[in-house]
Structure formats: structure tokens, C-alpha cells
Amino acid sequence: MFIQTEATPNPATLKFLPGRTVLDNGTMEFTSRDSAVRSPLAVKLFDIPGVTGVFYGSDFVTVTKDDGDWQHLKPAILGTIMEHYMSGAPILADGAQPDAGPHAEEFFNEADAETVGIIKDIIETRVRPAVASDGGDITFRGFKDGIVFLDMKGSCSGCPSSTATLKHGIQNLLKHFVPDVVEVRPM
């Protein structure tokens, strides 16, 4: 088994591509060992000193570290992912489900439904695929008074360039196509 790694815009995260499906649908984010009980692999990754976050996408695992050095963490993470896949163990514990999809906990005024539909379409077709290639995910959460609220996960969460991504990338894109948008904010 060969696992590729890719750098992300967030220097505290690294994207691991096992060459196999990680999740059939949705995403999962674990920010602590306690939250990782839903996934045997995530629990093992949190056992590695320095690991502070694990995120699953369709075909990748993004790992976030503390101040440790990737040179020391990367071999342990690669070994843990390889061992997990070679064992044939499931990625999720019995009954565990991926995080709710992009429509969970949304808020907006029903009068804005058409505008929200356009915003969500742009996020789904243009933003999410680009962000997934960087080891993260961004989902729509709400729209109020011209402000779009987005949830950032994986390498996007805590990324030094996330503000630039939101303000200069996503905000400008949405303002261009949806004149009612005045600002984009993280949740």
C-alpha cells in the first residue's frame, strides 16, 4: 500500500491520500480524542503525540498537529493509516455516521430562499471542490442581512490563509454572482 501526502495551505495540517475510499459520503472532523471514539483510525491517530485534529474526506485524511515537527510525526501517521487499512478494520465504529451534510443547522429567511439556493449552488460546485483539494471543507450555514455564514473544517479550520480565502476568494465570488451578498463570515 502506498499513501501519498500533500501539503495544505495550513502549515499545521497535512493531507494523506491512502488511494482508497475514506468516506462514501459526507465528511467527519475530530478535534479531540474524545470526539474520535466514532472512528478506530482517528483514535489511533490521536494516540500519536502531537496530533490535535483529524478530518476525513471522500478519499483523504487530513491530520492537524501542534507545534511538533512533521519530520517526526509523518512516519508515525503514515504507519498508523497503513496499519489500519491493512487490518481491514472499518473507518467508522458500528452505527457511526458521517457528519451531517451541507444542509444541517441552516438558517435564513424564507423570503431569501432563491438567493440562498444560488449561494449554495456556487459553494457546492465551485468552492467545496477547491477546498477539498486543500484537505478541508466549507459548508453553508446561514444567510442574514446580506451576510453568508460558512462552516470551515479540516485544514481550513485555523488556517492562517482562511481569512484571505473567505474575504478575497469566496466573498468576491459570491458578490460577483449574488448582488445581495455583502459579506462572508465563518461560523
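A residue counts as buried at under 20% relative accessible area, as exposed at over 50%, and as partly exposed in between (1.4 Å probe, protein chains only). The structure described here is a predicted model, in which local features need pLDDT of at least 70 and side-chain atom pairs count only at pLDDT 80 or more, while totals for chains, interfaces and linings use all residues. Residues are numbered from 1 along each chain as its sequence is written, and side-chain values use heavy atoms, with hydrogens and water left out.

Seven salt bridges are found in the structure, a salt bridge being a side-chain nitrogen of Lys or Arg within 4 Å of a carboxyl oxygen of Asp or Glu. Among them is the pair of arginine 33 and aspartate 47, whose closest N and O atoms are 2.8 Å apart. This pair links distant parts of the chain, 14 residues apart: arginine 33 is in the loop between β3 (28-30) and α1 (40-46), and aspartate 47 is in the loop between α1 and β4 (51-56). Helices (H or I, at least four residues) and strands (E, at least two) are DSSP runs, numbered from the N terminus. Arginine 33 is partly exposed at 39% relative accessibility, and aspartate 47 is partly exposed at 45%.

Lysine 15 and glutamate 6 form another salt bridge, at 3.8 Å from N to O. Here lysine 15 is buried, with 5% relative accessibility, whereas glutamate 6 is partly exposed at 33%.

Arginine 141 pairs with aspartate 151 in a salt bridge, with 3.7 Å between the closest N and O atoms. Arginine 141 is buried, at 9% relative accessibility. Salt bridges also link Glu124, Arg128 and Asp137 in a network.

Strands β7 and β8 are part of an open sheet of four strands with mixed pairing, in the order β6-β7-β8-β9. The edges are held by β6 (107-108) and β9 (183-186); each has a single partner strand, so one side of each is left without a neighbour in the sheet. Two strands are taken to pair if DSSP finds at least two bridges between them. Strands β8 and β9 run parallel and are joined by four bridges. Leucine 150 stands opposite proline 186 in β9.

Elsewhere, methionine 86 is located in helix α2 (residues 70-87). Methionine 86 is exposed, its relative accessible area being 55%.
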